[in-house]
Amino acid sequence: MVTAGDFRKGVTFEKDGQPCLVVDFQHVKPGKGAAFVRTKYKNLRTGAIREEAFNPSDKFPKAIIETKQMQYLYNDGDLYYFMDNDTYDQMPLNKADLGDCLKYLKENMEVTILSFKGKVFAVEPPIFVELEVIYTEPGFAGNTTTTSGKPATLETGLELQVPLFVNIGDVLKIDTRTCEYMERV
């Protein structure tokens with residue numbers, strides 16, 4: 001059990017059967033009345049963020065989040081298959097379970113699978129991925145009036161802004177946290 005008085009950033013707890021992560025907290029001791037903990041937390045299954053005040057003595061079950069490194073193998077329609085690197089067991093996941101990870105997913109890529117009570121709620125790609133450009137307009141010499149770059153489509157279908165010197169066939173390093181171009185590989 002974890003009490004609201006023990007809340008810190010990154011603490012996980014269970015509220016109404018849902019896993020939650022403390023995003024921000026503030027212990028408040030007003031001049032009159034009882035102290036309370038103002039908390040901003042994220043529901044890990046739905047992604048919804050809520051703000052709520054708790055009594056410091058409120059108790060919640062600790063949410064045990066299981067993480068497992070797995071390798072993406074292939075997809076078959078709306079099912080995406082991942083392999084456990086230790087046991088070689090394969091696990092299918094629905095397209096809806098993947099969320100934003102789908103934009104970066106390539107075959108044989110190592111990902112982190114997050115689950116709560118055996119139910120997968122998130123798939124995290126590596127922080128940096130290398131993807132090939134399959135389409136972009138050619139950049140012309142002297143075309144430097146805008147610093148925003150040009151749009152490019154990568155091999156996974158991801159579209160983002162890249163510098164003017166990037167061409168079709170280039171492999172780019174992408175930051176998956178911000179979905180931004182980092183460098184040409």
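**Reading the strands and loops**

Analyst: Start with a loop: Y88 sits between strand 8 (79-84) and strand 9 (90-94). Keep in mind that this is a predicted model.

User: What phi does Y88 have?

Analyst: The general idea comes before the case. Most residues other than glycine have a negative phi. Y88 is not a glycine, yet its phi is positive, about 65 degrees.

User: Is Y88 buried or exposed?

Analyst: Y88 counts as exposed because its relative accessibility is 59%, and exposed means over 50%.

User: Where is C179 found, and what is its phi?

Analyst: C179 lies in the loop between strand 15 (171-175) and strand 16. C179 is not a glycine, and its phi is positive at about 60 degrees.

User: How do I read a pair of strands?

Analyst: Strands of a sheet pair through backbone hydrogen bonds, either parallel or antiparallel. Here, strand 2 and strand 3 (residues 18-28) pair in the antiparallel sense, over four bridges. F13 stands opposite C20 in strand 3. Two residues lie between the strands of this hairpin, and D16 takes a positive phi near 55 degrees.

User: Which residues of strand 2 are on each side?

Analyst: In a regular strand the side chains alternate between the two faces of the sheet. In strand 2 (residues 12-15), T12 and E14 are on one side, with F13 and K15 on the other. All four are buried, and both faces of the strand are covered.

User: In what order do the five strands of the open sheet run?

Analyst: The order is 14-13-12-15-16, with antiparallel pairing. Strand 14 (159-162) and strand 16 (180-184) are the edge strands, each pairing on one side only. Neighbouring strands of this sheet are turned by 50 degrees against each other on average, direction ignored. Within it, strand 12 and strand 13 (residues 150-154) run antiparallel, joined by three bridges. T136 has A152 in strand 13 as its bridge partner.

User: Is Q71 buried or exposed, and why?

Analyst: Q71 is buried, because its relative accessible area is 15%, and buried means under 20%. Q71 belongs to strand 7 (residues 65-76). Leaving out residues up to four places away in sequence, Q71 touches Y81, F82, M83, N85, N108, M109 and E110.

User: Which residues form the nonpolar patch on the surface?

Analyst: I127, F128 and M182 form it, with about 270 Å² of accessible area together. I127 is in the loop between strand 11 (119-124) and strand 12 (128-136). At 43% relative accessibility, I127 counts as partly exposed.

How values were computed. Residues numbered from 1 in each chain as written. Predicted model: local features only at pLDDT ≥ 70, side-chain atom pairs only at ≥ 80, totals over all residues. Heavy atoms only, no water. Buried < 20%, exposed > 50% of the residue type's maximum accessible area, 1.4 Å probe, protein only. Pairing = 2+ DSSP bridges. Patch = residues over 30% accessible without salt bridge, like charges linked within 9 Å, V, L, I, M, F, W, Y side chains within 5 Å. Areas by Shrake-Rupley, 256 points an atom, 1.4 Å probe, with all protein chains shown as cover. Salt bridge = Lys/Arg side-chain N within 4 Å of Asp/Glu carboxyl O. Axes fitted to C-alpha atoms, helices over the stretch in contact; angles between N-to-C directions. Contact = heavy atoms within 4.5 Å.
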